[in-house]
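Q: Could you take me through a structure that I have not seen before, one feature at a time? I would like to learn how to read each feature as we go.

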Amino acid sequence: RQVSSLYTYINPVIASLMGWIWLGESVSPAAALGIGVTIFGVWVVNSGIRIEWSKRAIYGILKKRSHK
């Protein structure tokens, strides 16, 4: 686990929430979505979930891109 990634990405989220709670600042739908995506992203990175790509899948993706 990387504590630095947790601090780096969660710090703005905490600051936004503290501003909303204590200073009465508004949180736009886009900001709320960004907060959610950030929290989800930090969870995925720190949970150890690995996406395994097979050579066949990677070759197929690269082949499709080269034909465009």
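Predicted model: local features only at pLDDT ≥ 70, side-chain atom pairs only at ≥ 80, totals over all residues.

Q: Which residues make a nonpolar surface patch with Leu 17?
A: The patch is made by Ile 14, Leu 17, Met 18, Trp 20, Ile 21, Trp 22, Leu 23 and Val 27, and its area is about 840 Å². For the surface as a whole, the protein has an accessible area of about 6,200 Å², and 66% of that belongs to carbon and sulfur atoms.

Q: Is Ile 10 buried or exposed?
A: Ile 10 is another residue of helix α1, and its relative accessibility is 18%, which is under the 20% cut-off, so Ile 10 counts as buried. Across the protein, 10% of the 68 residues count as buried.

Q: Which residues does Ile 10 touch, once those up to four places away in sequence are left out?
A: Leaving those neighbours aside, Ile 10 touches Ile 39 and Val 42. Ile 10 and Ile 39 show how sequence and space can be read side by side, as they stand 29 residues apart in sequence while their C-alpha atoms are 7.1 Å apart.

Q: How many aromatic pairs are there?
A: The count comes to 1 aromatic pair. The partners are Phe 40 and Trp 43, whose ring centres are 5.9 Å apart and whose planes meet at 35 degrees; this angle falls between the cut-offs of 30 and 60 degrees, so the pair is tilted. Both residues belong to helix α2 (residues 29-47), where a spacing of 3 residues separates them by about one helical turn. Phe 40 is itself exposed, because its relative accessible area of 52% is over 50%.

Q: What is the overall pattern of the protein along the sequence?
A: The pattern reads α-α-α, with 3 helices and 0 strands.

Q: Where is confidence lowest, and where is it highest?
A: Confidence is lowest in helix α3 (residues 55-66), with a mean of 63, and highest in α2, at 86. Over the protein the pLDDT averages 77, and 60% of the residues score at least 70.

Notes:
Residues numbered from 1 in each chain as written. Heavy atoms only, no water. Helix = DSSP H or I, 4+ residues; strand = E, 2+ residues; numbered from the N terminus. Buried < 20%, exposed > 50% of the residue type's maximum accessible area, 1.4 Å probe, protein only. Areas by Shrake-Rupley, 256 points an atom, 1.4 Å probe, with all protein chains shown as cover. Patch = residues over 30% accessible without salt bridge, like charges linked within 9 Å, V, L, I, M, F, W, Y side chains within 5 Å. Salt bridge = Lys/Arg side-chain N within 4 Å of Asp/Glu carboxyl O. Contact = heavy atoms within 4.5 Å. Phe/Tyr/Trp six-rings, centres within 6.5 Å; stacked < 30°, edge-to-face > 60°. pLDDT = per-residue confidence, 0-100.
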